[in-house]
Amino acid sequence: MEVIDLRSDTITRPTEKMRQVIAGAEVGDDVYGEDPSINCLEQLAAKKLGKEKALFVPSGTMANQIAAMVHTSPGDEIITEITSHIFLYEAGGLGRLGGVQTHVLQGERGLFSPEALEGAIRGENIHFPRTTLVAFENTHNRAGGRVFSPEELAPHLEICRQAGIKTHLDGARIFNAAVALDITPDLLVQDFDSVSFCLSKGLGAPVGSILCGSTDFIHEARRVRKILGGGMRQGGILAAAGIMALEEAEARLARDHRLARILAEAIEKMDNFQLEFPVESNIVVGKYLGAQKIGEVVARLKEKGLLVNAFGPSSLRLVTHQDVKEEEVYQAAEIMGSI
Ligand code: TLP
């Protein structure tokens, strides 16, 4: 049985062409700054995002954690939305690695109000931790791939700027956001002090993420990457895939979004599921309306050849990506409707 895997866009495998690029990659020791492929990827990434410098790291999680560690000191406080990846899915790294405490704000579909942010920033008082960083996410995974325009985030960023607080954007899927808005990604990140994005999701590379920011920020980030053991020596074989992903894959993301909309339209017609969020990028969240437990639903879909992830007690997440064919999206909808 052919399995349709919509668990995540992280599951994509390198194409034949990408494997050839990997095989032919020029490499050197990146801890000495001598890997030509990594250097080239970092320059390309910084240019695309309009930042001074970039750093190649093994994962999106490491990129976010490094950013937090560079922008803060132990004992500080980070503000983020309650369903953000950095708070929910990074295994407590903010507390464990950075020694910071996290102040989570309840958001409306992934974003808290500017007023809530203003109210959460600590004043100068010997009893309080210092608020030194606010972390945002675009597209927002738990909010169903929600896309934030520059205008939506502008008031928040202005508050941080006035308060002298650094801002980090978890832009794991920032290229999805840019494609959805039909703008270049630099416009989405220009007012953030740092931004991370993943090569290994919709862009289709097997491994790797990028952290971007000012020259000083990346200088420090390189040091923290070393602390975390993320200096990858001849990582150029991975960076070469990343370069190809950045140069070619962006143009393909609109297709992933179109397939997600096909799936969403099918879900809207089902009796046993409904859409939990409007679909804005490549993530679809379906709310299950039947009587079974969500774990059983996931297991039954798997028996029928469809892999999805449970997303809370009664929802499923389905993510479109380069390895899913258009007809498989229709099949996936049929399987969902049939259980
Ligand atoms: N997200 C994964 C899971 O961890 C949930 C997925 O399948 O979507 N930021 C965001 C917004 C993410 O969605 C992810 C991965 C990361 C950071 C972390 O990236 P990696 O997996 O490279 O550490």
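In this predicted model, leucine 199 touches Leu41, Phe56, Gly204, Ala205, Gly208, Ser209, Ile210, Gly242 and Leu246, when residues up to four places away in sequence are not counted. Leu199 also belongs to the largest nonpolar core, which has 48 residues, and together with Phe136, Phe197, Leu203 and Ile210 it touches the most other members of that core. Helix H11, which spans residues 236-248, gives the most to this core, contributing six residues. Apart from this core lies another one, of 28 residues, and among its members are Leu6, Met270, Tyr288 and Val308.

Strand E8 (residues 209-213), in contrast, runs antiparallel to E7, with five bridges joining the two; here serine 194 stands opposite glycine 213 in E8.

Another sheet can be followed next. It is an open sheet of four strands in the order E9-E10-E13-E12, with antiparallel pairing. Strand E9 (273-275) and strand E12 (309-310) are the edge strands, each of which pairs on one side only. Helix H12, made of residues 253-268, packs on this sheet, where it touches E9, strand E10 (283-288) and E13, and its direction makes about 130° with that of E9. Helix H13 (residues 294-303) lies across E9, E10, E12 and E13, and runs at about 40° to E13. Between E12 and strand E13 (residues 315-319) there are two bridges, in the antiparallel sense, and asparagine 309 stands opposite arginine 317 in E13.

Helix H12 also meets another helix. Two packed helices are described by the angle between their axes and by the distance between those axes. For helix H8 (residues 174-181) and H12, the axes come within 9 Å and cross at roughly 80°. Angles from 65 to 115 degrees count as roughly perpendicular, and therefore H8 is described as roughly perpendicular to H12. In this contact, Phe175, Asn176, Val179 and Ala180 in H8 meet Leu253, Ala254 and His257 in H12. Sorted by class, the contact of H8 with H12 has five nonpolar residues, two polar residues and no charged residues.

The last stop is a loop. Glycine 28 has its place in the loop between helix H1 (16-23) and helix H2 (36-49). Is this residue buried or exposed? Glycine 28 counts as buried because its relative accessibility is 13%, and buried means under 20%. Once its neighbours within four places in sequence are left aside, glycine 28 is in contact with Glu34, Asp35, Pro36, Arg233 and Gln234. Glycine 28 and isoleucine 237 are separated by 209 residues in sequence, yet their C-alpha atoms are 9.8 Å apart in space.

Conventions:
Residues numbered from 1 in each chain as written. Predicted model: local features only at pLDDT ≥ 70, side-chain atom pairs only at ≥ 80, totals over all residues. Heavy atoms only, no water. Pairing = 2+ DSSP bridges. Contact = heavy atoms within 4.5 Å. Axes fitted to C-alpha atoms, helices over the stretch in contact; angles between N-to-C directions. Core = buried A, V, L, I, M, F, W, Y, C linked by side-chain atoms within 4.5 Å. Buried < 20%, exposed > 50% of the residue type's maximum accessible area, 1.4 Å probe, protein only. Parallel < 35°, antiparallel > 145°, perpendicular 65-115°, else oblique. Nonpolar A, V, L, I, M, F, W, Y, C, P; charged D, E, K, R; others polar.
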